[in-house]
Structures are given as C-alpha cells and as structure tokens.
Amino acid sequence: MLEIKNLSKTYGTGATATHAVGNVSFSIEEGEFVCVVGPSGCGKTTLLKCIAGLLRPSAGEVLLRGGRVTGPPEQMALVFQEYSRSLMPWMSVRNNVLLPLRHKKLSRAERRSLVEDALRAVGLVGFMDRYPWQLSGGMQQRVAIARALAYQPQILLMDEPFASVDAQTRGDLEDLVLQVRDEFGITILFVTHDIDESVYLSDRVVALTHAPTEVKEVIPVALPKPRDQIATKELAEFARLRAHVYRLIKREQDIEDVERPVPVSGTSV
Amino acid sequence: MSPRVYRTLKIGAEITVPFLMLLAWWLYTVQRDDPKFPRPTTIVAEVRNRFFFAEFDLHVVPSLERIGLGFAIAVGLGVAIGIPLGLSRIGRSAAMPHIEYWRAIPPPALLPISIILLHSIGNTQKVSFIAFFCIFPVLLNTIDGVRAIEPTLIDTARSFRIPAHERIRRIVFPAALPQIFAGMRTSLALAVIMMVLSEYFASTSGVGYVLLISKNTFQFLPMWAAIVLIGVLGYLLNALFLLVERHVLAWHRGWRAATPR
C-alpha cells in the first residue's frame, strides 16, 4: 500500500549540510501496523515528514497505492508528538476534531456523526465542549487521534505520539490505538524510540541505523493478537524480539558515539 | 491576609488615591482663587453642562465618531495588510522599509499636507489622519503575531489539506489574535491623541477644537473641561477595550495558565 523507495534527505548545502536520511526503502501492506524504531537523533521525524508529503525528499520517492506522494495525500492523517502544539487552543475539542472536515464535501449531519464517532472511539464524548488545555496530556493526545480518525484516512502516521505522557497513560493509549486500528480498519505507520512499544504494537518493526539513517533490519513480529499489556509482555517471544531490537539499536548508538563525539543538531527532536 | 481583606484593600487603594488627589487639587484651587485654576467641582459641572448637554452633538459626537472610524479603519487595514506580510518573507522585505519610514515621521509634520492631499478639512481628513497613524501598532503586531505561529500548527493544517483561505481564517488569524489585540490597545490610546491633534488644525468641531479655541481666548473653564473630558474618554475607552479582550481572548488566558513554558 505504501512504498518508500531509496528515500534520502539532506538539509542545507556545502559545509553546513546535514545528511539526515541516508537511503531508506521499505513498504507497508494494507492493514499492517509497522513501527519504525531508531537511535535518538537518527532522522526518524525527517523520514516521517517526507513520507507525509510535508518535506520534499532530496532523492527517492514515496508511493501510496502506486501514486507518487508530492504533497500531503488525502488518504493520510498525521498525529504529532507535541499534542499541546498540534491542537488549536482557541477551539473546543469538538471544533478541533471538526477542523479537517470543514473543507470536505459532507453534509452537516455527516460531519457531526464523524466527529461524535471519533470522539466516542477514544472515549471523550463527554469532553466535546472543553478546550484541549483543560484536559490532561493523555486526553489531549486522544483528541489528536480522534481528529485523525474523523478525517477517515486509509493510513495513519504517528510521530512518537506517546513520548510525552506518563507510563501508565502510555499503556492505555497503546491499547487504544490497537483497538481503533481494528475498529476503523486502517493501516498504521508508527515512529517511536521506545523498543518495548514498537514490539508490543506492531506486525513488523523497521529498525533504523544512526544518521544518515538507513534500514538496518526489518523484524516480523509474530505475537498473538489481541495484544495484552501483561500477557503479551510475559511471552518468551516478546522478550526475544525486544532483546533483538534492543541490540540492533544499542549497537547503532555505540557506533554513533564513536564516530560522532559531538551530536549533529537539526536532524530530529 | 485573607483574600477578602486583600481585595477590599486593593479596591480601596484604587479609589483612595485619585480621591486624595482631587481633594488636594480642590483645596489648592479654593485657597488660590485663581481664574486660571477653577475648582474641580466647577470643572465637573462645566463638563456636564457643556459636553453632556449643551454641546454634546456639536463637539462630543464628532470626536467620538472620528476616533471610532479612524480606529476601525486602522484595525481593518492593519490586519488585512499584516497577515500577508507576516506570511511572506519577500513581502516583508518589500514593505518593511516603507513602514519604518512612515512610522518614524511625527504626526504633526503630516497634518498640513493631509489637508492638501485629501482636499478636505472635514471628517475625511480627520479620520484618515487618525487611521494613518493608528495603523502601525496593529500592522506591526499582526506581522509579528503571524510570524510567531507554532510551526506544528501549520504542519497540522497542511497534512489535513486545509485550503489556504480556511487556514488563514481558522488558524493564522486566531493564533495571531492575542498580539493583534496588544497592537489594537496601543492604537486606541493613539487614536485619542490623534483626534485631539487633528481637531487642532482647520476644524470647527470636536473636543480638541474646544480645547484650542478656549485656550486662545483665555476661557479657562471650557479648556479645563475639555482636558478632563479627554482624559476620562481615554480611560473609558481603554476599560471598554479590556472588557472585550477578556471575553474574546478568554481561551488565551486559560491556555497560558495551563501550559508550562
């Protein structure tokens, strides 16, 4: 469904150029949940922005259902890490979710039911008339997820969406994403630096190298579904996969530490 | 100190200080008995009789109308020009030198030429004059407000393919609104000053006109009355503006209080 072919991205030119994404190729099947993990600062966010059509890659291409992505595609929705910066503080929760639907050709009733269904799916129907900043961090990120769902995407891109919430909330949000994936039948590309999270959520993990990043290894995750925060994480297979991904990433971090004593700025946050 | 006592003290201080000043002024004028310094009670009576009754339509209404129109035009144009300039770096390069140039010119320097250029000594000239100088605080604050928009908000709008006009209306404008309001508040105070100034020159009506004529004819009572009225007008306009701002930007105060930074 989504194909990333030899994608690379360099910021700037000459001596100040930052080579953020080296040469990345992988693909995602219809209905699949793919997690991209990599050492911190490896260019994950840059890669995601290129896939989302927000940044133009320096070379290579992204194909969505065979069509080349040159700008943000209609079938794609994005959830950012910083919920407090991606939700409009002057709009109620309802209007935030409604925002991406306003320019779609829909009737008033259709819009309303999309907003309500999306908020119901994330358990926030009772908070429609609040402002986002009146809610906790985890609830704000659920509003952002609801907004993406209401947009009715076929593929959902998530950029470290749970990096700034506490561990308890994170577990709940992970299960919520798995649940809405089944309910809405969407494909998900999920970027994270959390190895446990990547193994727990995905059908396949794409492990990246340090910057300029490339695909180190693609690891199929054959854990039984539905996933469960306790039972799944007790499985020997979970421990094996987690250790495997951990070693890959750790090795990359060590290489980076040797090669680059001074971290390169401007690649990722 | 309990909050209630604190509140009472705060309001008390707000009222007591001006009251004491008025009292001192009154005592001074009673003791001086000088026609140049009428008693505050006499001035207040003059304000009431002259401006609120006898000459309300003749002088107060035209002044308020000029402030209102001049301010409204300045806000409208300031926002309409400021948003595209805030969005476009090339636009800013083209426009900023001109903005800085005209902003640097002292308003009285342009007063005579405004009459010639506009072929008018009536409301057209006065309103344009007020609007011209009130535009700058709104314009510059709009530009800054638009430039300071959180990039993630713009990325969000782009990823949802929100069309440009919707993006400006629903994201850029509200995001810049707190700063636009800061500029509007400065402009409003400026509008009162510009109103008085414009009525000093080639005018037959307005509070500023009364001030000038009574000064020139040594009529101290109407002169003082005009000064007091202008002060009260400025104070009330600002109070009214803050009331509107509190309502319109309620989300901003809540958001700022809720967001650690």
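**Two interfaces in a predicted model**

Good morning. Let me start inside chain A, where 18 residues of domain 1 are in contact with 12 residues of domain 2, contact meaning heavy atoms within 4.5 Å. This is a predicted model, in which local features need pLDDT of at least 70 and side-chain atom pairs count only at pLDDT 80 or more, while totals for chains, interfaces and linings use all residues. Residues are numbered from 1 along each chain as its sequence is written, chains are lettered from A and ligands numbered from 1 in the order in which they are written, and side-chain values use heavy atoms, with hydrogens and water left out.

Domain 1 of chain A covers 2–75 + 153–255, and domain 2 covers 82–152; these bounds come from an automatic or database domain assignment. Their C-alpha centres lie 24 Å apart. Between them the two domains bury about 1,200 Å², 73% of it on carbon and sulfur atoms. Buried area here is the accessible area (1.4 Å probe) that two parts lose on being put together, summed over both. On the domain 1 side, A:Pro153, A:Leu176 and A:Phe184 lose the most area to domain 2, together 37% of what that side buries.

I turn now to the two chains. Here 20 residues of chain B are in contact with 27 residues of chain A. The buried area is about 2,300 Å², and carbon and sulfur atoms give 69% of that. In chain B, the residues that lose the most area to chain A are B:Phe160, B:Arg161 and B:Trp251, together 29% of what that side buries.

How many salt bridges are counted between chain B and chain A? The count is two. B:Asp155 forms a salt bridge with A:Lys49, with the closest N and O atoms 3.2 Å apart.

Which elements of chain B give two or more residues to the side that touches chain A? They are helix 7 (151–159), helix 8 (164–200) and helix 11 (250–258); helices are DSSP runs (H or I, at least four residues), numbered from the N terminus. Helix 7 of chain B provides the largest share of that side, six residues.

Thank you.

Methods: A salt bridge is a side-chain nitrogen of Lys or Arg within 4 Å of a carboxyl oxygen of Asp or Glu.
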